[in-house]
Amino acid sequence: MQRTLSPSGLRMAALLMFIAIYTAYSAGPFVWVAMMSLRTTTEISAAPYALPETLHFWKFASAWTESNYDTYFFNSVTIVFSAVAILTIVGGMAAHCFARYRFRFKGLIYLLIFSTIIFPPQVTVIGLFQIMVEYGLYNSRVGLVMVYVAIQMPVTIYILESFFARIPKDLFDAARIDGYSEWAIFWRISLPVALPAISTTIILNTILLWNEFLYAVVLITEDDKRTLPLGVLRFLGDQLEDVGMIATGLMIAIVPVVLIYVFFSERLIQGMTAGAVK
Amino acid sequence: MTASTQPATVATPPRKERDHANPRSAIATFLFPALLIYAAFTALPVMRTIYNSTHLIVPNKPAEWVGFTHYIELWNDNIFWKAVGNTLTWATVAPLMEVSIATILALALYAKVPFSRFLRVAWFTPVLMSYVVVGILWMWIYNYDWGAVNSFLRWIGLDGWAQPWLGHPDTALPALIAVTTWMWTGFNMVVILAAMSSLPSEVLEAAELDNCGWFGKLWFVILPLIRPTLLNLIVLSFIGKMKIFDLVWVTTQGNPLWATETVSTYVYKRAFQWSTFDLGYPSTIAVVWFVIVMAGVLALTRLFRQKDKLEY
C-alpha cells in the first residue's frame, strides 16, 4: 500500500507555492553570497544581484594569503581536530562505563553531566575566564581545546551511551569467556561495533566546534591564535566597505562545512537530530 | 592483557573471575578522564560564577564580599529587564514559527512533492553555518541601500516600506527572529519528517478506510501521533533561544536602544566590555538567568506532560 497523502489540486498548488517561496528564502542567501564571492566590489556595487560575468577566482587566493586566513584556518583545523579526538576517546570511555556497568551514584553522575546541556553558557563563561587566566590557559589553543571537550562531552556521552547500551550482552559475555580484559572489551568490541554512532558524534562535534564563537571570543584575543569565526569577524572589521572580499572570506568558511555535509549527510542528520525524536 | 590471542582454556577462568568480580578499577579508569574534565571546566567554573555573584571582583584586588547587593541592583536594572523581555519574546515566538513552518514543509516532503531530495538539502543547510557567517550575510540582506529585502520591496513598488531593518528599534528584533527561523526551520523539518515516516502505515490505512479526508487525516491522525516530537522540538528550540548570543553580537550588539539586547549579550558586555572591571555583577545576572532557564524548561516539560495525561 502506498501511504501518500492525496490533497486536492488547489491545496497542492498552494503547497507548491509555499514551498517555492520558502526555498527562495532558504537557499537564496547562499546563492547570492556564492555569486558575490566571485565578483569584485566595483561590480557588486554597480549591480548587487547580477550574475558573475568573469569568475574572479584570484579573490580566494588573495583572501587566503593577505588576511591571515591561512593562520585562522590552520588554528581551527588543529583545535577542532584535537578536541574531537579527545572527545571521542574520553566520551567513549565514559559512555561505555555508563552502558556496561552498575555502580553507586551512576544515575546521579549521569544526570549531573547531562544537565549541563541545558545550562546557559554565561553561567560557565565568567568563571571559566577567571580559571583559565589562573591556569595560564588564557589565550592558549590547548585551553580552548579543553573547553571544547568539556562543552561537547554531555551530548557525545548521550549519543554513544544509547548506542553502546543496545549492543547485545552476549557479545561481552563471549569476550569475557575468551579472557578479554575490561579495557580490551572496550577497545576491541564496543568501539568497533559502535562505529556508526562514533562517526555520527565525530561529524556532529566537528561541525558544532568549527562554528563555535562565544568561548573562542572570550578566551582568545591574540591574532595568531584566532579560529576561523573570529578571523571572519576581524576580516569584516578590516575590510568594512570591501563587500566582494568579505563575501569571498565567508565562502572560505562555508565550503568545508558544505563538503562535510555532502559526504556525510545521513550521519550528520542523525547526529543533529539525536534526542529530538521520541 | 594479551589473553585475547589465547583460546579459552580451563586455566583462564580464575583470571576472568577476578576481572569480573572487581570491575571497580575498570569503572574508575573509564570514568576518571571525563569526570576530571567535567570538574575542571564545567563544575568549577559554575561554582566560581555562583561565588562571584556575591562578591565584588576587581582586577588585582582580593574579592570583596558584598552580600546580595548585586541581586538588589539587578532587580532595579532596567536594561536587564529589557534584555529579559527580548530574550523571552525570542524564545516564545521562534519555536512556534519554526515548528509550524517545519510541519508544513515536512508534510510537503511526506506527500512526495517533486525534487524532495534537493529541497531537503536546501532547507537544512542554513543550520550548518556559523552564526558569524549567517550574521554578516543577513546584515547585507537587511542593508538599507542595496540589501535584498529593500531591493525586493522597491522592485514591487513598495518603496515606502523600505527601511533600515536592523537599525530601527521596532523592526530589529523581528528581523533577527526571522534569521533564527531561517536557520532552524530546516532542522525541525528533518526531525518531523523522520517522526512522520516512522508512523505505522496501518493507522493511516485505517483512517483512509474510515473515509477520512486529507485534512482530517492530518489533523486527527498525523499531528496527534507526532505530538511528542513537536513538543520536544519546541523545548529544544526554547532552550537554544534562551542562550542566544552569537547572532546578536555579530549583527547589532544589542542596538538600537537595547531593542535586540539579550541576556547573553548583556552579561558579555558587563563582564568583558564595559569598563566597570567587575566580574561580580555579570555573574549575578548569569546565576539569575540560569535559575530562570531551568525553571522555564521544567515548567514546559511539566505542562506538556500534563496535557498528554489529560488527553489519553
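Start by colouring chain A by pLDDT, since this is a predicted model: the chain averages a pLDDT of 85, and 96% of its residues score at least 70.

**The annotated domain in each chain**

Select residues 73-264 of chain A, the span to which an unreviewed UniProt entry gives the annotation "domain: ABC transmembrane type-1". In the model this span is 79% helix and 0% strand, and its end C-alpha atoms lie 21 Å apart. Now select residues 84-300 of chain B, where the UniProt annotation "domain: ABC transmembrane type-1" also comes from an unreviewed entry. Here the span is 72% helix and 0% strand, with the end C-alpha atoms 18 Å apart.

**The annotated transmembrane regions**

Stay with chain A and select, in turn, residues 12-35, 72-95, 107-133, 145-164, 185-210 and 243-264, which UniProt (unreviewed entry) labels "transmembrane region". Residues 72-95 of chain A are 100% helix and 0% strand, and 33 Å separates their end C-alpha atoms. Residues 243-264 of chain A are likewise 100% helix and 0% strand, with 32 Å between the end C-alpha atoms.

In chain B, the feature "transmembrane region" is placed by UniProt (unreviewed entry) at residues 25-46, 88-109, 121-141, 175-197, 218-239 and 279-300. Select residues 25-46 of chain B, and you will find a stretch that is 100% helix and 0% strand, whose end C-alpha atoms are 29 Å apart. Residues 218-239 of chain B are 95% helix and 0% strand, and there the end C-alpha atoms are 28 Å apart.

**Where the chains meet**

Show both chains together and select the residues in contact between them: 79 residues of chain A are in contact with 88 residues of chain B. On the chain A side, the largest share, 13 residues, comes from H1(A). By class, the side of chain A that touches chain B is made up of 58 nonpolar, 15 polar and 6 charged residues.

**First helix pair: H1(A) and H5(B)**

Select helix H1 (residues 9-37) of chain A together with helix H5 (residues 116-124) of chain B, which pack at an angle of about 45° with their axes 8 Å apart. That angle makes H1(A) oblique to H5(B). The crossing in which H1(A) passes H5(B) is left-handed. To see the contact itself, display the side chains of A:Ile19, A:Thr23, A:Ser26 and A:Ala27 on H1(A), and those of B:Leu119, B:Ala122 and B:Trp123 on H5(B). The contact of H1(A) with H5(B) has 5 nonpolar residues and 2 polar ones, with no charged residues.

Finally, select helix H13 (residues 243-273) of chain A and helix H6 (residues 131-141) of chain B, whose axes are 10 Å apart and which pack at an angle of about 150°. H13(A) and H6(B) also make a left-handed crossing. Display A:Ile246, A:Leu250, A:Ala253 and A:Ile254 on H13(A), then B:Val133, B:Ile136 and B:Leu137 on H6(B), as these residues make the contact. Which classes of residue are found in the contact of H13(A) with H6(B)? The residues of this contact divide into 7 nonpolar, no polar and no charged.

Key. Residues numbered from 1 in each chain as written. Chains lettered and ligands numbered in written order. Predicted model: local features only at pLDDT ≥ 70, side-chain atom pairs only at ≥ 80, totals over all residues. Axes fitted to C-alpha atoms, helices over the stretch in contact; angles between N-to-C directions. Helix = DSSP H or I, 4+ residues; strand = E, 2+ residues; numbered from the N terminus. Parallel < 35°, antiparallel > 145°, perpendicular 65-115°, else oblique. Left-handed = near helix turned anticlockwise from the far one by under 90°. Contact = placed C-beta atoms within 7 Å. Nonpolar A, V, L, I, M, F, W, Y, C, P; charged D, E, K, R; others polar. pLDDT = per-residue confidence, 0-100. UniProt positions renumbered as here; feature names shortened; annotations may be inferred.
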